[in-house]
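The following note collects points for a colleague who wishes to examine the model alongside its sequence. Each point may be read on its own.

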Amino acid sequence: LTGIPGLQHLHPWISIPFCIMYLITLAGNSSLLCLIRADPSLHLPMFLFLSMLAVIDLVMSTSITPKMLGIFWFHSTAISLDACLTQMYFVHAFSVMESGVLVAMALDRYVAICNPLRYLSILTSPVVAAIGLATLLRAVVFMSPLTFQICHLPLCRPAVVDHSYCEHMAVLKLACGDAAFSNTYSLSVSTYVGSFDSLLIALSYMLILRAVLSLSSPRARKKAFSTCGSHLCVMALFYIPGLLSMYMERYHQEQPHVQVLLADLYLLIPPALNPLIYGIRTKQIRDGV
């Protein structure tokens with residue numbers, strides 16, 4: 001792994017914000033999980049989805065950041081093929097899971113605001129568990145073929161991945177055989193997940209905003225707009241850089257460091273911000289603290 005191509009001389013400086021974001025991710029998501037587990041009043045669908053998101057963020061960040069910091073600080077660039085494929089599987093599978101949980105959280109907010117009297121009867125514990133299981137199964141079904149395909153492709157030497165982690169398309173460039181199908185499959189799945197899930201989220205928030213506009217209290221409307229706005233911003237930080245980095249990897253190679261930075265940031269910034277946006281700004285969480 002080369003780190004960030006063309007910016008190797010800046011690795012020590014780049015490592016500082018990356019390390020800070022990782023520490024915030026660890027502290028914020030771990031605290032959130034402990035709090036939700038300890039406080040029975042938080043055992044509601046909204047906070048169960050938040051717990052799923054926290055676990056996913058911890059796994060997703062931990063799968064790439066320690067190795068990245070090892071590259072930046074100690075020039076520990078070597079990685080075995082098995083470790084590389086494992087990292088690649090965890091990164092992409094948990095990215096798809098995060099997208100699914102964000103859709104579930106948007107659905108949860110829609111039911112809570114637009115149909116509050118039936119909230120607990122609609123989002124029962126079995127329904128929440130089924131949504132979580134469906135999110136997991138979708139990630140496994142979509143991402144397992146990617147790893148399987150690379151495992152059966154002959155890889156050429158030198159085995160140098162121009163990336164700071166084992167991103168699928170970057171690893172695929174090492175293939176000696178025909179990797180067109182694997183490349184197309186990766187692009188198609190990423191586009192489908194990103195566009196379909198973000199469309200569902202946008203639809204949910206449009207319905208939420210329509211309900212909010214009917215509120216008589218200006219203060220309630222302002223609070224709802226603020227909450228929805230912050231949620232949509234952190235979701236945009238997950239979807240937009242992720243899709244941009246993927247398309248840049250496929251079609252635009254003049255500035256590889258931009259593509260790698262985007263790929264890093266979409267996996268580092270949302271996990272650090274999610275506990276702040278979905279946790280600290282929520283009244284029940286503050287009361288629980």
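**Notes on charges, patches and contacts**

1. Lys283 and Asp287 are four residues apart in helix H10, so about one helical turn separates them. Helices here are DSSP runs (H or I, at least four residues; strands are E runs of at least two), numbered from the N terminus. The two side chains meet in a salt bridge at 2.9 Å, N to O. A salt bridge is a side-chain nitrogen of Lys or Arg within 4 Å of a carboxyl oxygen of Asp or Glu. Lys283 is partly exposed at 48% relative accessibility, whereas Asp287 is exposed at 55%. The cut-offs are under 20% relative accessible area for buried, over 50% for exposed, and in between for partly exposed (1.4 Å probe, protein chains only).

2. This is a predicted model, in which local features need pLDDT of at least 70 and side-chain atom pairs count only at pLDDT 80 or more, while totals for chains, interfaces and linings use all residues. Residues are numbered from 1 along each chain as its sequence is written, and side-chain values use heavy atoms, with hydrogens and water left out.

3. How many salt bridges does the structure hold? There are three.

4. Another salt bridge links the side chains of Asp108 and Arg109, at 3.0 Å, N to O. Asp108 and Arg109 are both buried. As background, side chains of opposite charge can pair when their charged atoms come close.

5. Asp39 is buried but has no salt bridge, and Lys283, the nearest side chain of opposite charge, is 11 Å away. For such charges, Lys and Arg count as positive and Asp and Glu as negative, with His and the chain ends not counted. The side chain of Asp39 does make a polar contact with the side chain of Ser41, at 2.7 Å. A polar contact is a pair of N or O atoms within 3.5 Å; within protein, one must be able to donate a hydrogen and the other to accept it, and residues adjacent in sequence count only if both atoms are side-chain atoms.

6. Arg286 lies in helix H10 (residues 283–288) and is partly exposed, with a relative accessible area of 45%.

7. A nonpolar surface patch is made of Leu10, Trp13, Ile16, Ile20, Ile24, Leu276 and Ile280, with about 670 Å² of accessible area together. Accessible areas come from the Shrake-Rupley method with a 1.4 Å probe, and for residues only the protein chains shown count as cover. H1 and helix H9 (256–280) each supply at least two residues of this patch, and H1 gives the most, with four. Ile16 is in H1 and is partly exposed, with 43% relative accessible area.

8. Met105, in helix H3, is buried at 9% relative accessibility; Met105 and Met46 are separated by 59 residues in sequence and by 6.8 Å between C-alpha atoms. Leu7, in the segment before H1, is buried at 15%, and its C-alpha is 9.9 Å from that of Val258, 251 residues away in sequence.

9. Finally, the backbone of His75 may be checked. Its phi is near 55 degrees, a positive value in a residue other than glycine. His75 sits in the loop between H2 and helix H3 (81–114) and is exposed, with a relative accessible area of 63%.

Terms used
Patch = residues over 30% accessible without salt bridge, like charges linked within 9 Å, V, L, I, M, F, W, Y side chains within 5 Å.
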